[in-house]
Amino acid sequence: MKRQLKAVSLASCVALGLASTAQAQDTTLDVVTDPSFVPFEMLDQESGEMVGFDMDIIREVADRAGFDYNLRTMDFNGIIPAIQTGNVDIAIAGITITDERAEIVDFSAPYYDSGLRLLVDADDDSIQSIDALEGQKVGTKIGSTSYDFLQENLGDSADITPYPGSSDMYMALLGGSVDAVFYDAPNVGYFSQTQGEGRAKVVGPLYEGQQYGIALVKGSEWVEPVNEALAAMKEDGTYDEIHSKWFGGSSAE
């Protein structure tokens, strides 16, 4: 009888465990991203699907943390408000962790080290730093930390134009509407080596060392599972594989 009771008890525990796992896997969260932050997230014209570094990261995180997700896209300046109001559950879009943002959303542990860089015309040697932007026209992105940085450090001494999408500000530079673009280093660098090759160049130092985090609704139960997934990915080499795919080399280089 005791053996039978133990067997029943063990079977019950296993069943409960399997049910709990199945329930977690059945959870579907709304994930939002910005469709224009290459190479972190961008639309593949052939497949019609979002691809990029962040897309590979969130796919792996979701699989390890135990949730499915519906992916939505929106302009970057609407992402933090969407998380704050609970209209979406998670956001991954090269989002810089700041104290101000952390007051209204929760962040995962940092998953990418970044900063801000200057991009100018390939033939322009007059601009080598932020100081040289006084009296110049500068393009950046609405709602970004680069826009905040320009406002704090240049104010009215430069003509600062915030654009809704990164492609808009890059086209403004190539078309001569602005003298420089100031934005996130990996995105600026990627553009200079792809569409902007031979037409634009990155200059000056890296400004404001920054870290990207995955944003979640304040008090979200998924913060810990997401962090555990990120830690495991870095531990077993999966993170480095994804990093190498999109940026070359390992994340430590």
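Modeller: Happy to! Pro39 sits in the loop between strand S2 (36–37) and strand S3 (41–43); strands (E, at least two residues) and helices (H or I, at least four) are DSSP runs, numbered from the N terminus. The bond joining Val38 to Pro39 is a cis peptide, with omega about 0°. This is a predicted model, where local features need pLDDT of at least 70, side-chain atom pairs count only at pLDDT 80 or more, and totals for chains, interfaces and linings use all residues. Residues are numbered from 1 along each chain as its sequence is written, and side-chain values use heavy atoms, leaving out hydrogens and water.

For context, most residues other than glycine have a negative phi, and most peptide bonds are trans. Phi of Glu208 is positive, near 50°. Glu208 counts as partly exposed because its relative accessibility is 38%, between the limits for buried (under 20% relative accessible area) and exposed (over 50%), with a 1.4 Å probe and protein chains only.

Helix H2 (residues 53–65) has 13 residues and should span 18 Å at 1.5 Å a residue, which agrees with its end C-alpha atoms being 18 Å apart; the expected span is 1.5 Å times one less than the number of residues. Among the buried residues of H2 are Phe53, Met55, Ile58, Val61 and Ala65.
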